[in-house]
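Please read them with the sequence and the structure open.

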Amino acid sequence: MNKTVLAVSAALLPFAATAAPNDQPGAPGYTYIQGDYIIDGETGGVDADYDGYGLEGSLTITRHVFINARYDWVDTDNRSLDGNRGSVGIGVNDFYDYGGADGTGVGYYGQVSYERLLLEDVTGNGAGDANANGYGADAGLRWRVHPRLEINPHVGWVDYGDVDDDIDLGDADGMRYGVRAIGQISDNFAVTAAYESSDVETSRRDIGFDDEFRVGARLNF
C-alpha cells in the first residue's frame with residue numbers, strides 16, 4: 001500500500017506544478033495532494049468497526065474545472081472483510097465573495113465520477129470477494145469562514161451497479177454525505193478532520209460505510 005501511495009503522489013507532482021490558478025481572492029484551491037488516516041467507521045450489514053488509510057489528489061484544469069481522484073483502504077476489525085474504494089471524477093466550481101473579511105467567502109462545486117468498489121472475503125470463509133464499477137455525482141460547499149479555516153459539507157449519490165464476483169450481492173446504490181474541516185497552517189500545508197457516511201444497499205445486503213471519522217494532512221500547490 002505504501003508503494004502505491006508514493007507512486008500516485010509522485011505522478012501528480014509534475015501536473016500540480018503547471019495547474020491553472022484560481023485568482024479570485026479567498027477562493028479555495030483545487031490543486032492538492034492529501035493523505036488520510038481513517039480512525040474509525042462501521043461496515044454496514046456486518047456491524048463491525050473498521051479503520052484504514054486514504055489518498056486523495058485534485059488538479060485544477062481551468063479556473064472553474066478540476067479533476068479529482070481518491071482511493072481508500074479499509075480493514076474491518078476482528079473479521080477478514082476488507083474494502084477498497086476508488087473514484088476518478090471531473091467537476092466544476094465557482095466562488096462567491098459575500099463581502100466579509102478578506103480571504104472569506106463561499107465556494108461551491110459539483111462533480112461526476114467513475115467509481116470502483118472491492119469487498120474482500122464477504123462470506124468470511126476466504127471464498128467470497130465482490131467488486132463493482134459504477135458512477136457517482138456529488139455537490140458541496142467550501143465555506144471559508146476564516147482565511148485559515150474552511151468548512152466543506154457535501155452530499156452525493158453513487159450507483160455501483162451489480163456487485164458481483166465470487167458472490168453476487170445484486171445492484172448497489174445509495175446516498176453518501178459528510179462534512180470536512182480544513183485548517184490552513186501555511187499557504188501550502190493544511191490539516192483536515194472529516195465525518196462521512198453512506199446509505200448504500202443492495203437487495204440482499206447493506207454495504208454502506210457508516211459513521212466514518214478521518215484526519216488528514218494536505219499539501220496545496
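What share of the 221 residues of the protein chain count as buried?

1. Burial and basis. Of the 221 residues, 45% count as buried, where buried means under 20% relative accessible area, exposed over 50% and partly exposed in between, with a 1.4 Å probe and protein chains only. This is a predicted model, in which local features need pLDDT of at least 70 and side-chain atom pairs count only at pLDDT 80 or more, while totals for chains, interfaces and linings use all residues. Residues are numbered from 1 along each chain as its sequence is written, and side-chain values use heavy atoms, with hydrogens and water left out.

2. Secondary structure. The protein chain has 1 helix and 10 strands, and its pattern along the sequence is α-β-β-β-β-β-β-β-β-β-β. Helices (H or I, at least four residues) and strands (E, at least two) are DSSP runs, numbered from the N terminus.

3. Strand 1 (residues 32-43) pairs with strand 2 in the antiparallel sense over 10 bridges; two strands pair if DSSP finds at least two bridges between them. Thr43 has Ala48 in strand 2 as its bridge partner. Strand 2 is also antiparallel to strand 3, over 12 bridges, and Gly52 stands opposite Val74 of strand 3.

4. Strand 6 and strand 7 form a hairpin with 2 residues between them and pair in the antiparallel sense over 9 bridges. Gly140 is bridged to His154 in strand 7. Between strand 7 and strand 8 there are 15 bridges, again antiparallel; Trp157 stands opposite Met175 in strand 8, and Asp164 has Asp168 in strand 8 as its bridge partner. Strand 8 and strand 9 (residues 189-201) run antiparallel and are joined by 12 bridges. Tyr177 stands opposite Ser197 in strand 9, and the hairpin formed by strand 8 and strand 9 has 4 residues between them.

5. Nonpolar core. The largest nonpolar core has 20 residues, of which Leu119, Val122, Tyr160, Val163, Leu169 and Ile207 touch the most other members. Such a core is a set of buried Ala, Val, Leu, Ile, Met, Phe, Trp, Tyr and Cys residues joined through side-chain atoms within 4.5 Å. At least two of its residues come from each of strand 2 (48-62), strand 5 (105-120), strand 6 (130-146), strand 7 (149-164) and strand 8 (168-184). Strand 7 supplies the largest share, 3 residues.

6. How many cavities of 30 Å³ or more does a search of the whole structure find? There are 5. A cavity is a set of points, on a 1 Å grid over the protein atoms alone, where a 1.4 Å probe fits but cannot get out, and lining residues have an atom within 4 Å of a point. Grid points are joined across faces, edges and corners, and the volume is the space filled by probe spheres set on the points. The largest cavity has a volume of about 690 Å³. It is lined by 36 residues, the closest to its centre being Arg70, Asp138, His154, Arg176 and Glu196. The lining comprises 12 nonpolar, 11 polar and 13 charged residues; here Ala, Val, Leu, Ile, Met, Phe, Trp, Tyr, Cys and Pro count as nonpolar, Asp, Glu, Lys and Arg as charged, and the others, Gly among them, as polar. Strand 5 gives the most to this lining, with 6 residues.

7. Second largest cavity. The second largest cavity holds about 120 Å³ of space. Its lining has 16 residues, with Thr43, Gly44, Leu81, Leu119 and Ile207 nearest its centre. Strand 3 (65-76) and strand 4 (82-96) are the elements that give two or more residues to this lining. By class, the lining has 8 nonpolar, 5 polar and 3 charged residues.

8. Aromatic pairs. The whole structure has 8 aromatic pairs; rings of Phe, Tyr and Trp (its six-membered ring) pair if their centres lie within 6.5 Å, with planes under 30 degrees apart counted as stacked, over 60 as edge-to-face and the rest as tilted. Tyr114 and Tyr135 form an edge-to-face pair, 6.5 Å centre to centre with 75° between the planes. Tyr114 lies in strand 5 and Tyr135 in strand 6, 21 residues apart. Tyr114 is partly exposed, at 39% relative accessible area, whereas Tyr135 counts as exposed, at 60%. One aromatic cluster is formed by Tyr30, Phe66 and Tyr109.

How values were computed. On a 1 Å grid over the protein atoms alone, a cavity is a set of points where a 1.4 Å probe fits but cannot get out, and a pocket is an open set with protein on both sides within 12 Å along at least five of seven lines; lining residues have an atom within 4 Å of a point.
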